[in-house]
Amino acid sequence: MTDYKELYENATNEIATLKDEAKALDRKLTDMILDLGWDCQRMSQSGLATYNAICRTLNIEEYKEEYEEIDKQMKGTSEWII
């Protein structure tokens, strides 16, 4: 006879494990995308569009062209906006 309580507990544990793994992958992917953001100035238009689409999907702030203007203004100075 099938022990439904045991099947339920096994399924519940497996779901919890999968949720933990998904959260870890989400954190890792988010970190990788944020790291990639440092290279946005060197990306092609289509690369930047793809980067921003990924950011929208992950609810991460997109790269904006005004960031390039701020960077250009700050070149040669010792102050950086944090």
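This is a predicted model: local features need pLDDT of at least 70, side-chain atom pairs count only at pLDDT 80 or more; totals for chains, interfaces and linings use all residues.
How many helices and how many strands does the protein have? A few notes follow, in numbered points.

1. The protein has 3 helices and 0 strands, and from the N terminus on the elements run α-α-α. Helices here are DSSP runs of H or I with at least four residues, strands are E runs of at least two, and both are numbered from the N terminus.

2. Residues are numbered from 1 along each chain as its sequence is written, and side-chain values use heavy atoms, with hydrogens and water left out.

3. On burial, 15% of the 82 residues in the protein are buried. The cut-offs, in relative accessible area: buried is under 20%, exposed is over 50%, and partly exposed lies in between (1.4 Å probe, protein chains only). The accessible surface of the protein is about 7200 Å², and carbon and sulfur atoms own 56% of that. Those areas come from Shrake-Rupley with a 1.4 Å probe, and for residues only the protein chains shown count as cover.

4. Now the inside. The largest nonpolar core has 7 residues: Ile33, Cys40, Leu48, Tyr51, Cys55, Ile60 and Tyr63. Helix α2 (residues 45-57) gives the most to this core, namely 3 residues. A nonpolar core, for the record, is a set of buried Ala, Val, Leu, Ile, Met, Phe, Trp, Tyr and Cys residues joined through side-chain atoms within 4.5 Å.

5. Cys55 deserves a click in the viewer. Skipping residues up to four places away in sequence, Cys55 touches Ile33, Ile60, Glu61 and Glu62. Contact means heavy atoms within 4.5 Å. For the protein as a whole, take the contacts with a separation of 6 or more: 27% of them are between residues 24 or more positions apart.

6. Asn52 is found in helix α2 and counts as buried, at 10% relative accessibility. Leaving aside neighbours within four places in sequence, Asn52 is in contact with Glu62 and Tyr63. Of these, Tyr63 is also listed in the largest nonpolar core.

7. Which residues pair up as salt bridges? A search of the whole structure finds 3, using a side-chain nitrogen of Lys or Arg within 4 Å of a carboxyl oxygen of Asp or Glu as the test. Arg42 bridges to Asp39, with the closest N and O atoms 2.4 Å apart. Arg42 is exposed at 68% relative accessible area, whereas Asp39 is partly exposed at 30%.

8. The side chains of Arg56 and Glu62 form another bridge, 3.0 Å from N to O. Arg56 is partly exposed at 47% relative accessibility, and Glu62 is partly exposed too, at 24%. Glu62 has turned up already, as a contact of Cys55 and of Asn52.

9. Lys64 and Glu61 make up the remaining pair, at 3.9 Å from N to O. Lys64 is partly exposed at 32% relative accessible area, while Glu61 counts as exposed at 52%. Glu61 is also among the residues that Cys55 touches.

10. Last stop, Asn59: buried or exposed? Asn59 is exposed, with a relative accessible area of 73%.
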